[in-house]
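Me: I am new to this structure and would be grateful for a close look at a single part of it. Please set that part in the context of the whole chain.

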Amino acid sequence: MFLIKVKKIKLLGSKLINDIKYPRIPNVCIFDEFDSALNANFEEGDILINGKSIKKSPIECKKQMAYVPDNPDLYENMKAIDFINFICDMYEVSKEVREENINKYAKMFEMQEKLDDYISSFSHGMKQKIALIAAFVHNPDVLIMDEPFV
């Protein structure tokens, strides 16, 4: 079974992507074509995420994904913990899962002591860590990373 399957999509501007299958990679998928297709209207075809159509069920599909941009443009006026909780709220992460994952990933990225600090005080690398924690916290099936370690 494939986690992601692109079925002959034609992006506006005539770029054609035909029948690409991305096998299940443990918790991580990284590629450019899919990112382009998700963020553009396409004229024909479809993208399936775990068998669900991005056209018919866009919210369900997006709940299964996380995106880490090359430049972590985060809300500078928020504390890191508030930003991560904001992301958890958008993905409807339960209190138990939220606490467990925030603790796990903050420890993994050595950010436990910085969660109560304002994002504006962080270096570029620290912002990247917060973006990664926010991406991982809802346990996505698909992780799209756009040069996250620049």
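Reply: Just after helix α3, Glu92 adopts a positive phi of about 55°. The model discussed here is predicted, and local features therefore need pLDDT of at least 70, side-chain atom pairs count only at pLDDT 80 or more, and totals for chains, interfaces and linings use all residues. Residues are numbered from 1 along each chain as its sequence is written, and side-chain values use heavy atoms, with hydrogens and water left out.

The setting may be given briefly. The chain contains five helices and seven strands; helices (H or I, at least four residues) and strands (E, at least two) are DSSP runs numbered from the N terminus. Their order from the N terminus is β-β-β-α-β-β-α-β-α-α-α-β. Of the 150 residues, 41% count as buried, where buried means under 20% relative accessible area, exposed over 50%, and partly exposed in between, with a 1.4 Å probe and protein chains only. Among contacts (heavy atoms within 4.5 Å) with a separation of 6 or more, 64% join residues 24 or more positions apart.

Within α3, which covers residues 80–90, the buried residues are Ala80, Ile81, Phe83, Ile84, Ile87 and Cys88. They lie on the same side of α3, because they cover an arc of only 165° around the axis; the arc is that of the directions from the helix axis to the C-beta atoms. The buried residues of α3 pack against α4 and against α5 (124–136).

Phe86 also lies in α3, but this residue is partly exposed, with a relative accessible area of 32%. Together with Tyr75 and Met90, Phe86 makes a nonpolar surface patch of about 300 Å². Patches are made of residues with over 30% relative accessible area and no salt bridge; like charges are joined within 9 Å, and nonpolar side chains (Val, Leu, Ile, Met, Phe, Trp, Tyr) within 5 Å.

Charged residues come next. Side chains of opposite charge can pair when their charged atoms come close. A salt bridge is a side-chain nitrogen of Lys or Arg within 4 Å of a carboxyl oxygen of Asp or Glu, and by this rule the count is five. One of them joins the side chains of Glu92 and Lys63, at 2.9 Å from N to O. This pair links distant parts of the chain, with Glu92 in the loop between α3 and α4 (95–108) and Lys63 in helix α2 (residues 58–63), 29 residues apart. Glu92 counts as exposed at 61% relative accessibility, whereas Lys63 is partly exposed at 34%.

A second salt bridge brings together Asp89 and Arg98, at 2.8 Å from N to O. Here Arg98 is buried, with a relative accessibility of 14%. Another connects Lys114 and Asp117 at 3.9 Å; Lys114 is partly exposed at 35%, and so is Asp117, at 27%.

Strand β6 (residues 65–68) and β7 pair in the parallel sense over four bridges, and two strands pair if DSSP finds at least two bridges between them. Tyr67 has Ile144 of β7 as its bridge partner. In a regular strand the side chains alternate between the two faces of the sheet. Both faces of β7 are covered: Val142 and Ile144 are buried on one side, and Leu143 and Met145 are buried on the other.

How values were computed
Areas by Shrake-Rupley, 256 points an atom, 1.4 Å probe, with all protein chains shown as cover.
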